Amino acid sequence: MNKLSSDLNFAPERINNIYLMGIGGVAMGALAAALKRQGLNVRGSDNPLYPPMSTFLEQNRIQVAQGYSPDNLRRGPRPDLVIVGNVIQAKFSEVAALAELELPYLSLPQAVAHFFIRDRTSIVVAGTHGKTTTTALIASSLMRAGLDPGFMVGGIMLEGGKNFEAGGGDCFMVEGDEYDCAFYDKRPKFVHYRPKIALLTSLEFDHADIYRDMDAVRRAFGMLIDLMPPDGVLVAWRGSGEVMAQAARAGCKVVTYGAEPGADWRLLDLKPARQGGMDLKLGLPDGRSLEFYTPLVGEHNALNILGAAAAMAAAGVSPEKAAELQAGYGGVKRRQEIRGRADGVLLVDDFAHHPTAVRETVKAVARFGIKGWNPGGGRLVAVFEPRTNTSKRNFFKDEYPGSFEGADLVMLREPPGVEGLDPEERFSCAALAAKLNERKIAAKAFEETDQLLDGLLAELEPGDLCLIMSNGGFDNLHQRLLTALGQRESAQAQSGSMRAKGAPGRLNEQKA
């Protein structure tokens, strides 16, 4: 195994040439483009890439070497700095070359802090759930307020199609991921983000490949609390005992939000809006209340908005302005994202995978609907793939059955990539389907995505909403399903047209 010298883990004063190992990741690619826009020479390496990241890097004229060869670092201009992506493993030969050449290096979160956060007001959104949406809510609002914020979001914002922007304003929003930084730094990424304002949305067990148990998760988030400066602000969800236990040990000001009595920012009411989305009413710390509209749906998103508004207030935005800005929020890819409609079926994509996220997503759509589909207007067909290292194991086998309340039909794909797991350790979608059927929720499980696709085509009817939930690509199920539904629709239309053309002939024969 290759070992890097800790003495070289720094950014030199003069940097012109930067090399990114693992440049094809969404965050790494966005970072590479942002660095190039600053006038730096940028190149990198990765395994063979495909759209959209291959196209994105080509459009930004960033050279990408195929594979992780040690020659990549020796050819071309000598890098002044190497940024090591999370995908890189110590055994890679390119890492051996990095050590041999004694090049300075940083992880992605270190690079973000060095080049973009610097001494700006850093707003870090952390927690098991809601990070991406809440970070995007704050970034979107501050952009539309004309404050030119910088941001790094864990999903592509539908406003402008970006997940990273350097910005020129005083604030930098960053999604505070609890996943590790790099093979040589197993701490959570948020330890490098210099929080002045931190928002803690939730705290549950996840990432079984990184954290052994809940105590390990608590210790990780405790690092964020310990980083808060005395003049900082921690915005904490009052509805979580775990979050409030962390807040109790904070050495800075704590502002709470939630639906619970005693929350500084309190959710007083939420109801479906006539045009879709929700009408919200919230109580402010000074006792006043505000009513406003959001295009998002679900209590979990109402809480995301509440936390975002509290964080913006800590950054100096008035509550009235923060509420007003919510109406223009454009959303994030893979968060209740409408992918299309075919043969009368509306297809929605969502990143939900943890049982809490699945439960809140299904509950939100079942109660509020979504643009183009109203509850009661057709069935809610929930499709789920357990793909994460945690969900493909048995950790949540008792929690998932309660996550699909509100769905009319549940279609499941057995977890992929479990060959290396002990059979008794693997999560079983067949067992989940059996438990759901016991609860009078119709459910079916399939071994492969192709079988699931066939099952969906046999089940889906015009008027249905098909909610597909996975944190991965799901073997391109979304587009394949839309294409197949479109073909079914065309075939039916053609068949109907042929029947209509044939009718006069039969009628004439009868008259004759």
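**Buried cysteines and crossing helices**

Trainee: Is C466 buried or exposed, and what is its relative accessible area?

Mentor: Buried means under 20% relative accessible area, exposed over 50%, and partly exposed in between, with a 1.4 Å probe and protein chains only. C466 therefore counts as buried, since its relative accessible area is 0%.

Trainee: On what basis are such values given?

Mentor: This is a predicted model, in which local features need pLDDT of at least 70 and side-chain atom pairs count only at pLDDT 80 or more, while totals for chains, interfaces and linings use all residues. Residues are numbered from 1 along each chain as its sequence is written, and side-chain values use heavy atoms, with hydrogens and water left out.

Trainee: How many disulfides does the structure hold?

Mentor: A disulfide is a pair of cysteine sulfur atoms within 2.5 Å. The number in this structure is 0.

Trainee: How far from C466 is the nearest cysteine sulfur?

Mentor: C466 takes part in no disulfide. The nearest cysteine sulfur belongs to C429, at a distance of 15 Å.

Trainee: With which residues is P230 in contact, leaving aside its neighbours within four places in sequence?

Mentor: P230 lies in the loop between α7 (214-227) and β13 (233-237); helices (H or I, at least four residues) and strands (E, at least two) are DSSP runs, numbered from the N terminus. P230 is exposed, with a relative accessible area of 70%. Contact means heavy atoms within 4.5 Å. By that criterion, the partners of P230 are G251 and C252.

Trainee: How many residues of helix α5 are buried?

Mentor: Helix α5 spans residues 108-117 and is mostly covered. Among its buried residues are L108, F115 and I117.

Trainee: Which term describes the angle of α6 to α9?

Mentor: Axes are lines fitted to C-alpha atoms, for helices over the stretch in contact, and angles run from 0 to 180 degrees between N-to-C directions. The axes of α6 (residues 131-144) and α9 (residues 299-314) come within 9 Å and cross at roughly 50°. Angles under 35 degrees count as roughly parallel, over 145 as roughly antiparallel, 65 to 115 as roughly perpendicular and the rest as oblique. The position of α6 relative to α9 is therefore oblique.
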